[in-house]
Amino acid sequence: MSSDQHLQEIRESVKAICDSYGEDYWRKLDQAQGYPTEFVKEITDSGFLGCLIPEAYGGAGLGLIEACTILEEISRSGGHPGAAHAQMYVMGSVLKHGSEEQKQKYLPAIANGELRLQSFGVTEPSTGTDTTSLKTTATRAQDHYKINGQKVWISRVQHSDLMVLLARTKSIEDRSSKTDGLSCFIVDLRGAEERGLTIRPIDAMINHHACELFFDDFEVPAANLLGEEHKGFRVVMDGMNAERILIGAECIGDARYFTDKATDYANSRIVFDRPIGQNQGISFPIATAYAQTEAAALMVEKAARLFDGGEACGPEANMAKMLAADASWKAGDTCLQTHGGFGISREYHIERKLRETRLYQIAPISTNLILSYLSEHVLGMPRSF
Ligand SMILES: Cc1cc2nc3c(=O)[nH]c(=O)nc-3n(C[C@H](O)[C@H](O)[C@H](O)COP(=O)(O)OP(=O)(O)OC[C@H]3O[C@@H](n4cnc5c(N)ncnc54)[C@H](O)[C@@H]3O)c2cc1C
(Lines give C-alpha, C1' and ligand atoms only; values in the text may rest on other atoms or scores of the structure.)
Protein backbone atom coordinates (compact mmCIF):
# COMPACT_ATOMS: atom_id res chain seq x y z
CA MET A 1 0.00 0.00 0.00
CA SER A 2 1.42 3.42 -0.88
CA SER A 3 2.09 5.89 1.91
CA ASP A 4 -0.52 8.28 0.47
CA GLN A 5 -3.17 5.57 0.40
CA HIS A 6 -2.33 4.50 3.95
CA LEU A 7 -2.67 8.10 5.22
CA GLN A 8 -5.91 8.53 3.28
CA GLU A 9 -7.36 5.47 5.02
CA ILE A 10 -6.41 6.90 8.43
CA ARG A 11 -7.95 10.21 7.43
CA GLU A 12 -11.23 8.55 6.45
CA SER A 13 -11.46 6.48 9.65
CA VAL A 14 -10.86 9.54 11.83
CA LYS A 15 -13.34 11.55 9.80
CA ALA A 16 -16.00 8.84 10.27
CA ILE A 17 -15.64 9.16 14.05
CA CYS A 18 -15.63 12.97 13.96
CA ASP A 19 -18.72 13.07 11.73
CA SER A 20 -20.75 11.29 14.38
CA TYR A 21 -20.09 14.15 16.83
CA GLY A 22 -20.40 17.25 14.67
CA GLU A 23 -19.76 20.91 15.31
CA ASP A 24 -22.73 21.47 17.62
CA TYR A 25 -21.23 18.91 20.00
CA TRP A 26 -18.06 21.05 20.27
CA ARG A 27 -20.00 24.32 20.47
CA LYS A 28 -22.05 23.09 23.43
CA LEU A 29 -18.96 21.85 25.24
CA ASP A 30 -17.26 25.18 24.64
CA GLN A 31 -20.19 27.07 26.12
CA ALA A 32 -20.43 24.78 29.14
CA GLN A 33 -16.62 24.44 29.49
CA GLY A 34 -17.27 20.70 29.33
CA TYR A 35 -14.91 17.86 28.45
CA PRO A 36 -15.51 15.67 25.35
CA THR A 37 -15.50 12.43 27.35
CA GLU A 38 -17.39 10.36 24.76
CA PHE A 39 -15.29 11.59 21.84
CA VAL A 40 -12.02 10.99 23.68
CA LYS A 41 -13.17 7.50 24.66
CA GLU A 42 -14.06 6.60 21.08
CA ILE A 43 -10.87 7.98 19.56
CA THR A 44 -8.85 6.19 22.27
CA ASP A 45 -10.70 2.87 21.84
CA SER A 46 -10.03 3.11 18.12
CA GLY A 47 -6.31 3.07 18.92
CA PHE A 48 -5.60 6.50 17.45
CA LEU A 49 -4.25 8.13 20.61
CA GLY A 50 -1.88 5.21 21.23
CA CYS A 51 -0.61 5.29 17.67
CA LEU A 52 2.94 6.38 18.61
CA ILE A 53 3.41 3.64 21.22
CA PRO A 54 5.45 0.73 19.80
CA GLU A 55 3.61 -2.54 19.23
CA ALA A 56 5.81 -4.20 21.88
CA TYR A 57 4.04 -2.01 24.46
CA GLY A 58 0.56 -2.46 23.05
CA GLY A 59 0.39 0.55 20.72
CA ALA A 60 -0.03 0.78 16.98
CA GLY A 61 3.67 1.52 16.39
CA LEU A 62 2.96 4.21 13.83
CA GLY A 63 5.01 7.30 13.09
CA LEU A 64 4.53 11.00 13.60
CA ILE A 65 3.32 11.40 10.04
CA GLU A 66 0.30 9.22 10.86
CA ALA A 67 -0.22 11.00 14.20
CA CYS A 68 -0.21 14.33 12.33
CA THR A 69 -2.86 13.03 9.95
CA ILE A 70 -5.10 12.02 12.87
CA LEU A 71 -4.91 15.40 14.65
CA GLU A 72 -5.20 17.37 11.43
CA GLU A 73 -8.40 15.50 10.58
CA ILE A 74 -9.96 16.15 14.01
CA SER A 75 -9.23 19.87 13.60
CA ARG A 76 -10.45 19.91 10.03
CA SER A 77 -13.76 18.35 11.08
CA GLY A 78 -14.41 21.33 13.38
CA GLY A 79 -13.37 19.50 16.56
CA HIS A 80 -10.82 20.54 19.16
CA PRO A 81 -8.01 17.95 19.42
CA GLY A 82 -6.50 19.95 22.30
CA ALA A 83 -8.82 18.00 24.56
CA ALA A 84 -6.88 14.81 23.91
CA HIS A 85 -3.73 15.34 21.85
CA ALA A 86 -1.34 15.04 24.80
CA GLN A 87 -2.26 11.37 25.29
CA MET A 88 -0.36 10.83 22.05
CA TYR A 89 2.89 12.57 22.88
CA VAL A 90 3.47 13.04 26.64
CA MET A 91 4.21 9.31 26.81
CA GLY A 92 7.21 9.98 24.54
CA SER A 93 9.27 10.97 27.58
CA VAL A 94 8.44 7.63 29.27
CA LEU A 95 9.26 5.78 26.06
CA LYS A 96 12.58 7.55 25.59
CA HIS A 97 13.75 8.08 29.17
CA GLY A 98 11.76 5.67 31.33
CA SER A 99 13.23 2.49 32.87
CA GLU A 100 12.02 -0.81 31.42
CA GLU A 101 9.91 -1.24 34.55
CA GLN A 102 8.24 2.16 34.02
CA LYS A 103 7.60 1.38 30.36
CA GLN A 104 5.98 -1.97 31.20
CA LYS A 105 3.93 -0.39 33.95
CA TYR A 106 2.60 2.58 32.01
CA LEU A 107 2.79 2.25 28.24
CA PRO A 108 0.40 -0.70 27.64
CA ALA A 109 -2.18 0.91 29.93
CA ILE A 110 -1.80 4.25 28.14
CA ALA A 111 -2.13 2.49 24.77
CA ASN A 112 -5.43 0.86 25.69
CA GLY A 113 -6.79 3.93 27.46
CA GLU A 114 -6.84 2.46 30.98
CA LEU A 115 -4.44 5.23 32.01
CA ARG A 116 -4.64 8.78 30.75
CA LEU A 117 -1.27 10.54 30.59
CA GLN A 118 -2.50 13.83 29.26
CA SER A 119 -0.74 16.41 31.43
CA PHE A 120 2.63 17.98 31.32
CA GLY A 121 3.55 20.35 34.17
CA VAL A 122 6.28 22.82 33.24
CA THR A 123 5.04 26.44 33.17
CA GLU A 124 5.10 28.52 36.35
CA PRO A 125 3.47 31.88 37.01
CA SER A 126 6.58 33.80 38.03
CA THR A 127 9.05 32.45 35.45
CA GLY A 128 6.93 31.76 32.31
CA THR A 129 8.99 30.97 29.23
CA ASP A 130 12.20 31.09 31.27
CA THR A 131 11.86 27.39 32.13
CA THR A 132 15.33 26.87 33.57
CA SER A 133 14.54 29.41 36.31
CA LEU A 134 11.46 27.53 37.54
CA LYS A 135 10.98 27.45 41.29
CA THR A 136 8.93 24.37 42.19
CA THR A 137 11.18 22.15 44.28
CA ALA A 138 11.41 18.37 44.64
CA THR A 139 13.33 17.48 47.79
CA ARG A 140 14.50 13.91 48.33
CA ALA A 141 13.42 12.31 51.64
CA GLN A 142 14.06 8.56 52.01
CA ASP A 143 12.02 6.75 49.36
CA HIS A 144 10.18 9.76 47.99
CA TYR A 145 10.46 13.37 46.88
CA LYS A 146 8.46 16.19 48.46
CA ILE A 147 7.12 18.66 45.91
CA ASN A 148 6.44 22.28 46.84
CA GLY A 149 5.53 25.11 44.53
CA GLN A 150 3.12 26.27 41.89
CA LYS A 151 2.39 25.61 38.21
CA VAL A 152 0.07 27.46 35.88
CA TRP A 153 -1.79 26.69 32.65
CA ILE A 154 -1.43 22.94 33.09
CA SER A 155 -3.93 21.44 30.69
CA ARG A 156 -6.32 18.53 31.30
CA VAL A 157 -5.15 17.79 34.86
CA GLN A 158 -8.73 17.02 35.85
CA HIS A 159 -9.03 14.59 32.95
CA SER A 160 -5.78 12.75 33.42
CA ASP A 161 -4.54 9.96 35.68
CA LEU A 162 -0.87 10.85 35.33
CA MET A 163 1.22 13.94 34.73
CA VAL A 164 4.87 14.41 33.83
CA LEU A 165 6.18 17.14 36.13
CA LEU A 166 9.37 19.19 35.90
CA ALA A 167 10.75 20.40 39.25
CA ARG A 168 13.97 21.69 40.75
CA THR A 169 16.17 19.16 42.59
CA LYS A 170 19.18 21.50 42.95
CA SER A 171 19.11 25.13 43.94
CA ILE A 172 19.97 27.76 41.34
CA GLU A 173 23.14 28.58 43.33
CA ASP A 174 24.33 24.96 43.22
CA ARG A 175 23.65 24.15 39.58
CA SER A 176 26.57 23.72 37.17
CA SER A 177 24.70 25.07 34.13
CA LYS A 178 21.32 26.64 33.43
CA THR A 179 19.80 23.27 32.60
CA ASP A 180 21.38 21.32 35.49
CA GLY A 181 19.32 20.54 38.58
CA LEU A 182 15.85 19.99 37.11
CA SER A 183 14.21 16.55 37.29
CA CYS A 184 11.16 14.92 35.75
CA PHE A 185 8.62 12.85 37.65
CA ILE A 186 5.63 10.72 36.78
CA VAL A 187 2.95 12.06 39.11
CA ASP A 188 -0.11 9.99 39.91
CA LEU A 189 -3.02 12.43 39.92
CA ARG A 190 -5.58 9.95 41.25
CA GLY A 191 -6.53 11.09 44.72
CA ALA A 192 -3.82 13.76 44.56
CA GLU A 193 -6.08 16.44 46.01
CA GLU A 194 -6.15 14.51 49.30
CA ARG A 195 -2.33 14.35 49.30
CA GLY A 196 -1.29 17.99 49.03
CA LEU A 197 -2.18 19.08 45.50
CA THR A 198 -4.69 21.88 44.98
CA ILE A 199 -6.12 22.19 41.47
CA ARG A 200 -7.82 25.40 40.40
CA PRO A 201 -9.33 25.61 36.88
CA ILE A 202 -8.55 28.83 34.98
CA ASP A 203 -11.46 30.73 33.48
CA ALA A 204 -10.08 31.10 29.95
CA MET A 205 -10.89 32.27 26.43
CA ILE A 206 -10.89 28.68 25.14
CA ASN A 207 -12.11 25.36 26.50
CA HIS A 208 -8.66 23.85 27.06
CA HIS A 209 -9.16 22.62 30.64
CA ALA A 210 -6.07 24.43 31.92
CA CYS A 211 -5.50 24.74 35.66
CA GLU A 212 -3.31 26.29 38.32
CA LEU A 213 -1.60 23.74 40.56
CA PHE A 214 -0.38 24.28 44.12
CA PHE A 215 1.91 21.61 45.64
CA ASP A 216 2.18 21.53 49.42
CA ASP A 217 4.56 18.78 50.63
CA PHE A 218 3.12 16.57 47.92
CA GLU A 219 4.93 13.21 47.94
CA VAL A 220 6.05 11.41 44.80
CA PRO A 221 7.73 7.98 45.14
CA ALA A 222 11.42 8.05 44.19
CA ALA A 223 10.63 5.21 41.76
CA ASN A 224 8.66 7.77 39.72
CA LEU A 225 11.74 9.78 38.81
CA LEU A 226 11.79 9.84 35.01
CA GLY A 227 15.29 9.72 33.53
CA GLU A 228 18.30 10.83 35.57
CA GLU A 229 18.03 13.11 38.58
CA HIS A 230 19.02 16.71 37.75
CA LYS A 231 18.84 15.98 34.00
CA GLY A 232 15.11 16.45 33.54
CA PHE A 233 15.43 19.42 31.20
CA ARG A 234 16.72 17.03 28.51
CA VAL A 235 13.71 14.75 29.11
CA VAL A 236 11.34 17.66 28.51
CA MET A 237 13.28 19.01 25.53
CA ASP A 238 13.24 15.64 23.79
CA GLY A 239 9.45 15.64 23.72
CA MET A 240 9.14 19.14 22.38
CA ASN A 241 9.83 18.53 18.71
CA ALA A 242 7.04 15.95 18.49
CA GLU A 243 4.63 18.27 20.27
CA ARG A 244 5.44 21.20 17.98
CA ILE A 245 5.03 19.14 14.81
CA LEU A 246 1.72 17.71 16.01
CA ILE A 247 0.41 21.16 16.96
CA GLY A 248 1.50 22.32 13.49
CA ALA A 249 -0.65 19.55 12.00
CA GLU A 250 -3.63 20.66 14.09
CA CYS A 251 -3.17 24.18 12.77
CA ILE A 252 -3.13 22.86 9.20
CA GLY A 253 -6.45 21.14 9.98
CA ASP A 254 -7.84 24.41 11.34
CA ALA A 255 -6.58 26.35 8.31
CA ARG A 256 -8.18 23.88 5.89
CA TYR A 257 -11.42 23.95 7.88
CA PHE A 258 -11.50 27.76 7.62
CA THR A 259 -10.59 27.84 3.93
CA ASP A 260 -13.24 25.25 3.00
CA LYS A 261 -15.86 27.11 5.00
CA ALA A 262 -14.90 30.50 3.57
CA THR A 263 -14.94 29.14 0.00
CA ASP A 264 -18.38 27.54 0.42
CA TYR A 265 -19.81 30.73 1.85
CA ALA A 266 -18.15 32.93 -0.81
CA ASN A 267 -19.80 30.77 -3.47
CA SER A 268 -23.24 30.66 -1.91
CA ARG A 269 -23.82 34.05 -0.29
CA ILE A 270 -25.50 36.42 -2.76
CA VAL A 271 -25.20 40.17 -2.16
CA PHE A 272 -25.78 42.78 -4.90
CA ASP A 273 -27.20 39.92 -7.02
CA ARG A 274 -23.94 37.96 -7.25
CA PRO A 275 -21.92 35.57 -5.10
CA ILE A 276 -19.61 37.53 -2.81
CA GLY A 277 -16.72 35.31 -4.03
CA GLN A 278 -16.97 37.10 -7.38
CA ASN A 279 -15.42 40.10 -5.63
CA GLN A 280 -11.65 39.77 -5.59
CA GLY A 281 -11.65 41.54 -2.23
CA ILE A 282 -13.25 38.32 -0.94
CA SER A 283 -11.61 35.65 -3.13
CA PHE A 284 -8.00 36.88 -2.98
CA PRO A 285 -7.60 36.67 0.82
CA ILE A 286 -9.05 33.13 0.71
CA ALA A 287 -6.65 32.17 -2.08
CA THR A 288 -3.75 33.71 -0.13
CA ALA A 289 -4.68 31.75 3.00
CA TYR A 290 -4.90 28.58 0.90
CA ALA A 291 -1.41 29.12 -0.54
CA GLN A 292 0.08 29.86 2.89
CA THR A 293 -1.56 26.74 4.33
CA GLU A 294 -0.20 24.48 1.60
CA ALA A 295 3.32 25.88 2.11
CA ALA A 296 3.10 25.40 5.89
CA ALA A 297 1.77 21.86 5.39
CA LEU A 298 4.91 20.98 3.44
CA MET A 299 7.04 22.10 6.39
CA VAL A 300 4.93 20.07 8.83
CA GLU A 301 5.34 17.02 6.60
CA LYS A 302 9.09 17.59 6.23
CA ALA A 303 9.53 17.88 10.00
CA ALA A 304 7.43 14.76 10.66
CA ARG A 305 9.34 12.69 8.12
CA LEU A 306 12.70 13.82 9.58
CA PHE A 307 11.42 12.93 13.06
CA ASP A 308 10.25 9.51 11.90
CA GLY A 309 13.62 8.91 10.23
CA GLY A 310 15.35 9.58 13.56
CA GLU A 311 17.04 12.70 12.19
CA ALA A 312 17.54 16.06 13.90
CA CYS A 313 14.51 18.24 13.20
CA GLY A 314 14.63 21.15 15.67
CA PRO A 315 14.56 23.95 13.06
CA GLU A 316 11.89 22.22 10.98
CA ALA A 317 9.69 21.40 14.01
CA ASN A 318 9.81 25.01 15.15
CA MET A 319 9.22 26.44 11.68
CA ALA A 320 6.38 23.97 11.11
CA LYS A 321 4.59 25.09 14.25
CA MET A 322 5.13 28.79 13.56
CA LEU A 323 4.17 28.74 9.86
CA ALA A 324 1.14 26.52 10.46
CA ALA A 325 -0.07 28.67 13.38
CA ASP A 326 0.31 31.78 11.22
CA ALA A 327 -1.54 30.11 8.34
CA SER A 328 -4.45 29.00 10.54
CA TRP A 329 -4.78 32.42 12.16
CA LYS A 330 -4.77 34.13 8.76
CA ALA A 331 -7.27 31.61 7.34
CA GLY A 332 -9.51 32.02 10.38
CA ASP A 333 -9.53 35.79 10.22
CA THR A 334 -10.29 35.60 6.49
CA CYS A 335 -13.10 33.09 7.07
CA LEU A 336 -14.69 35.31 9.68
CA GLN A 337 -14.42 38.37 7.41
CA THR A 338 -15.95 36.41 4.53
CA HIS A 339 -18.96 35.60 6.68
CA GLY A 340 -19.56 39.24 7.61
CA GLY A 341 -21.84 39.51 10.64
CA PHE A 342 -22.66 35.79 10.61
CA GLY A 343 -19.00 35.07 11.37
CA ILE A 344 -19.56 36.56 14.80
CA SER A 345 -22.51 34.27 15.52
CA ARG A 346 -21.64 31.24 17.63
CA GLU A 347 -23.96 29.18 15.44
CA TYR A 348 -21.44 29.32 12.60
CA HIS A 349 -18.62 27.89 14.78
CA ILE A 350 -15.97 30.17 13.24
CA GLU A 351 -15.48 32.37 16.30
CA ARG A 352 -14.85 29.27 18.48
CA LYS A 353 -12.32 27.79 16.07
CA LEU A 354 -10.63 31.18 15.73
CA ARG A 355 -10.25 31.44 19.52
CA GLU A 356 -8.89 27.90 19.65
CA THR A 357 -6.34 28.38 16.89
CA ARG A 358 -5.17 31.69 18.39
CA LEU A 359 -3.65 29.74 21.27
CA TYR A 360 -0.95 28.38 19.01
CA GLN A 361 0.71 31.76 18.63
CA ILE A 362 1.44 31.43 22.37
CA ALA A 363 1.60 27.78 23.39
CA PRO A 364 3.34 25.42 23.67
CA ILE A 365 5.96 28.00 22.70
CA SER A 366 5.37 31.54 21.53
CA THR A 367 6.23 32.80 18.08
CA ASN A 368 8.87 35.17 19.50
CA LEU A 369 10.72 32.33 21.15
CA ILE A 370 10.73 30.37 17.89
CA LEU A 371 12.12 33.39 16.04
CA SER A 372 14.71 33.79 18.76
CA TYR A 373 15.71 30.10 18.39
CA LEU A 374 16.01 30.43 14.61
CA SER A 375 17.98 33.68 14.88
CA GLU A 376 20.50 32.24 17.30
CA HIS A 377 20.75 28.52 16.66
CA VAL A 378 20.05 28.31 12.94
CA LEU A 379 21.27 31.64 11.60
CA GLY A 380 24.08 32.25 14.11
CA MET A 381 23.08 35.70 15.32
CA PRO A 382 23.76 36.81 18.92
CA ARG A 383 21.68 35.43 21.78
CA SER A 384 19.07 37.97 22.84
CA PHE A 385 18.45 36.83 26.42
C1 LIG B 1 -4.51 27.36 27.15
C2 LIG B 1 -3.09 27.11 27.55
C3 LIG B 1 -2.68 25.81 27.80
C4 LIG B 1 -1.38 25.56 28.23
N5 LIG B 1 -1.00 24.27 28.56
C6 LIG B 1 0.19 24.06 29.17
C7 LIG B 1 0.53 22.78 29.70
O8 LIG B 1 -0.25 21.82 29.59
N9 LIG B 1 1.71 22.63 30.35
C10 LIG B 1 2.59 23.66 30.52
O11 LIG B 1 3.64 23.46 31.12
N12 LIG B 1 2.31 24.90 30.02
C13 LIG B 1 1.14 25.12 29.35
N14 LIG B 1 0.82 26.37 28.87
C15 LIG B 1 1.76 27.46 29.08
C16 LIG B 1 2.42 27.94 27.79
O17 LIG B 1 3.39 27.02 27.38
C18 LIG B 1 2.97 29.34 28.11
O19 LIG B 1 1.86 30.21 28.25
C20 LIG B 1 3.88 29.83 27.03
O21 LIG B 1 5.04 29.04 26.98
C22 LIG B 1 4.28 31.30 27.27
O23 LIG B 1 4.67 31.50 28.60
P24 LIG B 1 4.00 32.68 29.46
O25 LIG B 1 2.54 32.61 29.28
O26 LIG B 1 4.52 32.62 30.84
O27 LIG B 1 4.52 33.98 28.75
P28 LIG B 1 5.79 34.85 29.14
O29 LIG B 1 7.01 33.99 29.23
O30 LIG B 1 5.45 35.71 30.29
O31 LIG B 1 5.91 35.76 27.85
C32 LIG B 1 4.97 36.81 27.57
C33 LIG B 1 5.22 37.33 26.17
O34 LIG B 1 6.56 37.87 26.11
C35 LIG B 1 7.29 37.24 25.08
N36 LIG B 1 8.68 37.03 25.49
C37 LIG B 1 9.13 36.55 26.70
N38 LIG B 1 10.48 36.50 26.69
C39 LIG B 1 10.88 36.95 25.47
C40 LIG B 1 12.15 37.12 24.84
N41 LIG B 1 13.28 36.82 25.47
N42 LIG B 1 12.19 37.62 23.58
C43 LIG B 1 11.03 37.95 22.93
N44 LIG B 1 9.80 37.81 23.49
C45 LIG B 1 9.74 37.31 24.71
C46 LIG B 1 6.59 35.91 24.81
O47 LIG B 1 6.79 35.52 23.48
C48 LIG B 1 5.14 36.24 25.12
O49 LIG B 1 4.51 36.74 23.97
C50 LIG B 1 -0.46 26.63 28.36
C51 LIG B 1 -0.87 27.94 28.08
C52 LIG B 1 -2.16 28.19 27.68
C53 LIG B 1 -2.57 29.61 27.44
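1. Let's start at the ligand. Strand 1 (117-121), strand 3 (144-155) and helix 12 each supply at least two residues of the shell around the ligand. Helices (H or I, at least four residues) and strands (E, at least two) are DSSP runs, numbered from the N terminus. The model you are looking at is predicted: local features need pLDDT of at least 70, side-chain atom pairs count only at pLDDT 80 or more, and totals for chains, interfaces and linings use all residues. Residue numbers start from 1 along each chain as its sequence is written.

2. Which residues are closest to the ligand? They are V122, G128, T129, W153 and S366, out of 23 residues that surround the ligand. A residue is near a molecule or strand if its C-beta atom, placed from the backbone, lies within 6 Å of it. By class, the shell has 13 nonpolar, 10 polar and no charged residues. For these classes, Ala, Val, Leu, Ile, Met, Phe, Trp, Tyr, Cys and Pro count as nonpolar, Asp, Glu, Lys and Arg as charged, and the others, Gly among them, as polar.

3. Now for how domain 2 and domain 3 meet. Contacts link 9 residues of domain 2 with 7 residues of domain 3. The side of domain 2 that touches domain 3 has 6 nonpolar, 3 polar and no charged residues. Two residues are in contact if their C-beta atoms, placed from the backbone, lie within 7 Å.

4. Helix 12 runs over residues 367-378, and its 12 residues should span 16 Å at 1.5 Å a residue; the end C-alpha atoms are 15 Å apart, which agrees. The expected span is 1.5 Å times one less than the number of residues in the helix. Just after helix 12, G380 takes a positive phi of about 80 degrees.

5. Please also look at the loop between helix 11 (350-358) and helix 12, where P364 has its place. A363 and P364 are joined by a cis peptide bond, with omega about -5 degrees.

6. Q142, in the loop between strand 2 (137-141) and strand 3, has a phi of about 50 degrees. H349, in the loop between helix 10 (314-338) and helix 11, has a phi of about 70 degrees. Are these residues buried or exposed? Q142 is exposed, with 6 other C-beta atoms within 10 Å, while H349 counts as buried because it has 20 C-beta neighbours inside 10 Å. A residue is buried if 20 or more other C-beta atoms lie within 10 Å of its own, exposed if 12 or fewer, and partly exposed in between, with C-beta atoms placed from the backbone.

7. G310 follows helix 9 and has a positive phi, near 75 degrees.

8. C211 lies in strand 7 (residues 210-221) and counts as buried, with 21 C-beta neighbours inside 10 Å. Not counting residues up to four places away in sequence, C211 touches I154, V157, Q158, I199, R200, P201 and I202.

9. R195 sits in the loop between strand 5 (182-188) and strand 6 (197-201) and is partly exposed, with 15 other C-beta atoms within 10 Å. Leaving aside neighbours within four places in sequence, R195 is in contact with F218 and E219.

10. Finally, the whole protein. It has 12 helices and 10 strands, and its C-alpha trace spans about 80 × 50 × 45 Å along the principal axes. With 385 residues, a compact globule would have a radius of gyration near 21 Å, and the protein's 21 Å agrees. That radius is taken over C-alpha atoms, and the globule rule is 2.2 Å times the number of residues to the power 0.38. Buried residues make up 45% of the 385 residues.
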